Amino acid sequence: MSEFLEMGGYAAFVWPTWAASVLALAGLVAHALIERRQAREALRRLERDEA
Amino acid sequence: MLSYFSNPQRFDQLARALIPVLGFLSVLLLAVGVWLALFGSPPDYQQGETIRIMYVHVPAAYMAMALYAALAVASFVYFVWRHALADTAAEIIAPIGAVFTVLALFTGSLWGKPMWGTWWEWDARMTSVLVLLLVYFGYMALRAALEDAQQAARTGAVLAMAGIVNLVIVKFSVDWWSSLHQPASIIRLDGPTIHASQLWPLLIMILAYTCFAGWLVLYRLRSQAIRRRVRTLQRQREQAARAREEAVS
């Protein structure tokens with residue numbers, strides 16, 4: 001396991017690239033989900049006022 | 001087909017059907033791709049374990065370019081047929097493309113240091129990708145700066161189409177100029193030059209990123225449709241309220 005984490009001595013280069021990739025994809029997903037929820041809430045508020 | 005799905009309702013039906021499929025494929029391909037990239041593939045005989053950077057660097061760089069191509073196509077469709085959906089798509093694609101471009105530059109830098117001995121070099125490939133990022137930023141800044149929505153959409157479309165020139169330069173930069181960066185090794189006339197044990201994880205990761213970007217763009221397009229409905233409702237309310245006031249006075 002520790003051998004795997006060492007990445008043949010290149011851990012300082014390999015893991016930051018993977019961390020950045022995970023962060024970027026997770027960030028894009030989070031932003032999309034928040035955007036959707038806010039849009040839905042705004043619509044629900046308007047429809048509630050109507051009633 | 002394009003005109004068939006340009007109907008907003010039909011497009012919404014199509015998007016509703018595609019979103020779960022693309023979401024599922026993204027998760028599945030990412031799981032398989034990550035496992036193969038980290039555990040199921042051998043270290044490179046020259047680059048050792050740094051080859052594992054390739055499995056996230058190349059897909060990010062590929063998406064940076066593919067999304068720019070998509071941005072230019074959407075801009076073209078908007079520019080010629082004035083289709084609002086194409087413009088919204090362009091608006092959504094640009095920041096996602098910019099994120100992947102930053103990711104490509106960052107992961108490339110972290111790969112360049114141990115393999116080339118430098119974080120950055122002003123050579124054709126790296127410089128043209130940096131220009132790609134600046135074009136993305138320029139596009140977003142232009143849209144944000146122009147207050148009139150239609151003017152922003154049209155001017156943005158022109159900029160996005162002009163930026164295609166740079167995309168071509170990115171693609172062929174490794175052939176036209178001498179570069180630290182290696183030339184294309186997958187899409188070549190004489191077939192891929194990577195060994196199958198590295199090609200498969202890479203192709204799966206590229207496919208996973210493509211499905212993910214497709215999912216993201218469609219998902220966000222539907223969110224934008226909801227927001228558009230909110231704006232329309234608000235405008236109707238305001239008009240109704242104004243009409244009532246006028247009737248009273």
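The legends below describe close-up views of a predicted model. Residues are numbered from 1 along each chain as its sequence is written, and chains are lettered from A and ligands numbered from 1 in the order in which they are written. Local features need pLDDT of at least 70 and side-chain atom pairs count only at pLDDT 80 or more, while totals for chains, interfaces and linings use all residues.

**Figure 1. Chain B as a whole.** Chain B has eight helices and zero strands (DSSP runs, numbered from the N terminus: H or I of at least four residues for helices, E of at least two for strands). The C-alpha trace of chain B spans about 85 × 35 × 30 Å along its principal axes. Of its 249 residues, 37% count as buried (20 or more other C-beta atoms within 10 Å of the residue's own; exposed, 12 or fewer; partly exposed, in between; C-beta atoms placed from the backbone). The average pLDDT of chain B is 92, and 98% of the residues score at least 70 (pLDDT is the predictor's confidence in each residue, from 0 to 100).

**Figure 2. The interface of chains A and B.** Here 21 residues of chain A are in contact with 29 residues of chain B (C-beta atoms, placed from the backbone, within 7 Å). The chain A side comprises 15 nonpolar, three polar and three charged residues (nonpolar: Ala, Val, Leu, Ile, Met, Phe, Trp, Tyr, Cys and Pro; charged: Asp, Glu, Lys and Arg; polar: the others, Gly among them). The model scores ipTM 0.93 and pTM 0.93.

**Figure 3. Helix 3 and helix 6 of chain B.** The axes of helix 3 (residues 51–81) and helix 6 (residues 149–162) of chain B come within 8 Å and cross at roughly 135° (axes are lines fitted to C-alpha atoms, for helices over the stretch in contact; angles run from 0 to 180 degrees between N-to-C directions). The two helices are therefore oblique to each other (under 35 degrees is roughly parallel, over 145 roughly antiparallel, 65 to 115 roughly perpendicular, the rest oblique). Among the residues making the contact are B:L71, B:F76 and B:F79 of helix 3 and B:A153, B:G156 and B:M161 of helix 6. The contact residues divide into nine nonpolar, two polar and no charged.

**Figure 4. Two loop residues with positive phi.** A:M7 lies in the loop between helix 1 (2–6) and helix 2 (11–50) of chain A, with phi near 55°. A:M7 is buried, having 20 other C-beta atoms within 10 Å. B:R82 lies in the loop between helix 3 and helix 4 (84–116) of chain B, with phi near 55°. B:R82 is partly exposed, having 13 other C-beta atoms within 10 Å.

Key: Two residues are in contact if their C-beta atoms, placed from the backbone, lie within 7 Å.
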